[in-house]
Amino acid sequence: MGKRGEIVMYHSGWVFPDTNAHGKGENPKHLYTVRFSSEVLWNKPGFAVCIDLFEPYLESVDV
Amino acid sequence: MSEESPQAIRAEALESILIEKGLLTAKAVDDVIALYSERVGPLNGARLVARAWVDPQFKKQLLTDATSIVESLGFEGGQVEKLVVVENTDKVHNAVVCTLCSCYPWAVLGLPPKWYKDPAYRSRIVMEPRQVLAEMGVGLGSNVEIQVWDSSAEIRYMVLPVRPPGTQNLNEEQLAELVTRDSMIGVEVLVGVEVPGEAS
Amino acid sequence: MELKGLIAPPMANGDVVFDEPWQSRVFGMARALCEQGMFTWDEFREQLILQIGSFTDDGDYQYFIHFFDALTLLLEKKQLFSKDELVVLSEQLAARPHGHDHSH
């Protein structure tokens with residue numbers, strides 16, 4: 001079960017470490033910065049955490 | 001070059017051994033580094049900040065495409081794959097961390113402080129940033145939202161701090177001198193100049 | 001700081017230039033140990049002169065590697081530390097998983 005966040009930046013394609021670190025090629029993937037509110041992450045108010053995530057780590061949700 | 005080069009590992013091992021033997025503290029090493037080099041790297045970041053404070057057009061560019069600005073200025077001493085500058089305001093306070101290792105924008109901020117790699121900072125800043133910042137001397141009102149940027153992939157983040165009060169009469173160069181490394185990581189709020197107008 | 005001539009570190013605008021973070025740590029360690037009286041700066045300078053002076057191949061001169069070697073040799077001379085410890089811990093650290101520590 002994932003957490004719902006909002007894409008705040010798109011950074012085009014970057015070398016995908018999941019394959020590159022295993023010698024399986026650079027395999028560039030789209031990279032996004034996703035903003036998660038502290039309510040969603042930790043059930044606490046007042047802040048947000050923005051994390052860079054490659055597209056394969058993301059699942060789309062209905063808005 | 002990677003931080004994990006054999007020589008980097010040997011240096012890290014040496015420091016751990018000396019600390020364990022009580023011959024040295026990490027802080028003593030930090031202090032020396034600060035004395036000899038702290039102003040060198042952060043000066044690049046400070047110049048960007050000061051210019052953004054006085055030049056709205058530059059600020060706009062810095063906030064939308066900092067990478068090309070850094071490339072065009074040809075800063076040396078470290079790679080910036082892609083640099084993103086995030087702006088602090090009265091309502092939003094940004095802070096930067098790398099929860100997984102210690103990604104850090106060398107080119108604009110110079111050497112990272114030792115605590116930046118500390119697991120406690122890395123884990124707590126994303127879970128209780130208000131407390132962590134308060135412990136570091138940044139007291140934020142509950143109306144200020146905190147945004148923590150986790151430098152976890154190829155993107156490096158730098159904070160554009162709020163221009164301190166009482167600095168209307170300072171020029172770009174004087175402003176740059178006020179900008180500290182920690183303010184560009186987002187763990188310090190710059191304080192105003194005590195006697196505005198007295199600066200020559 | 002009086003590391004001049006042959007044993008001068010890379011400098012720019014009066015500041016020591018570090019290409020990589022470990023270099024600054026090593027530099028910081030040497031100065032801090034000296035300030036804490038573990039050795040004198042002159043002793044360190046002499047060791048560094050020996051280290052750099054014994055370097056013959058001019059193809060791959062790397063100041064801070066000599067600096068590091070001088071520091072560890074001096075610490076061994078002073079019996080503050082043994083290289084075996086360094087080898088063991090370096091191997092342990094190198095074996096850490098570092099999937100994320102990408103190569104830049």
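Leaving aside neighbours within four places in sequence, Gln47(C) touches Ala70(C), Leu73(C), Leu74(C) and Lys77(C), where contact means heavy atoms within 4.5 Å. This is a predicted model, in which local features need pLDDT of at least 70, side-chain atom pairs count only at pLDDT 80 or more, and totals for chains, interfaces and linings use all residues. Side-chain values use heavy atoms, with hydrogens and water left out, residues are numbered from 1 along each chain as its sequence is written, and chains are lettered from A and ligands numbered from 1 in the order in which they are written.

Back to Gln47(C): its place is in helix H2 (residues 41-53) of chain C. Helices (H or I, at least four residues) and strands (E, at least two) are DSSP runs, numbered from the N terminus. Gln47(C) counts as buried because its relative accessibility is 6%; buried means under 20% relative accessible area, exposed over 50%, and partly exposed in between (1.4 Å probe, protein chains only). The side chains of Gln47(C) and Lys77(C) are joined by a polar contact of 2.7 Å. Such a contact is a pair of N or O atoms within 3.5 Å; within protein, one must be able to donate a hydrogen and the other to accept it, and residues adjacent in sequence count only if both atoms are side-chain atoms.

The axes of H1 (residues 6-20) of chain B and H1 (residues 21-35) of chain C come within 9 Å and cross at roughly 30°. Axes are lines fitted to C-alpha atoms, for helices over the stretch in contact, and angles run from 0 to 180 degrees between N-to-C directions. H1(B) and H1(C) are therefore roughly parallel to each other, the term for angles under 35 degrees. On the H1(B) side, Gln7(B), Ala8(B), Ala11(B), Leu14(B), Glu15(B) and Leu18(B) meet Trp22(C), Arg25(C), Val26(C), Met29(C) and Leu33(C) of H1(C).

Here are chains A and C, listed by content.

Contacts along the sequence complete the picture. In chain C, 57% of the contacts between residues at least 6 apart in sequence join residues at least 24 apart. In chain A, residues 24 or more positions apart account for 38% of the contacts with a separation of 6 or more.

How values were computed
Angles under 35 degrees count as roughly parallel, over 145 as roughly antiparallel, 65 to 115 as roughly perpendicular and the rest as oblique.
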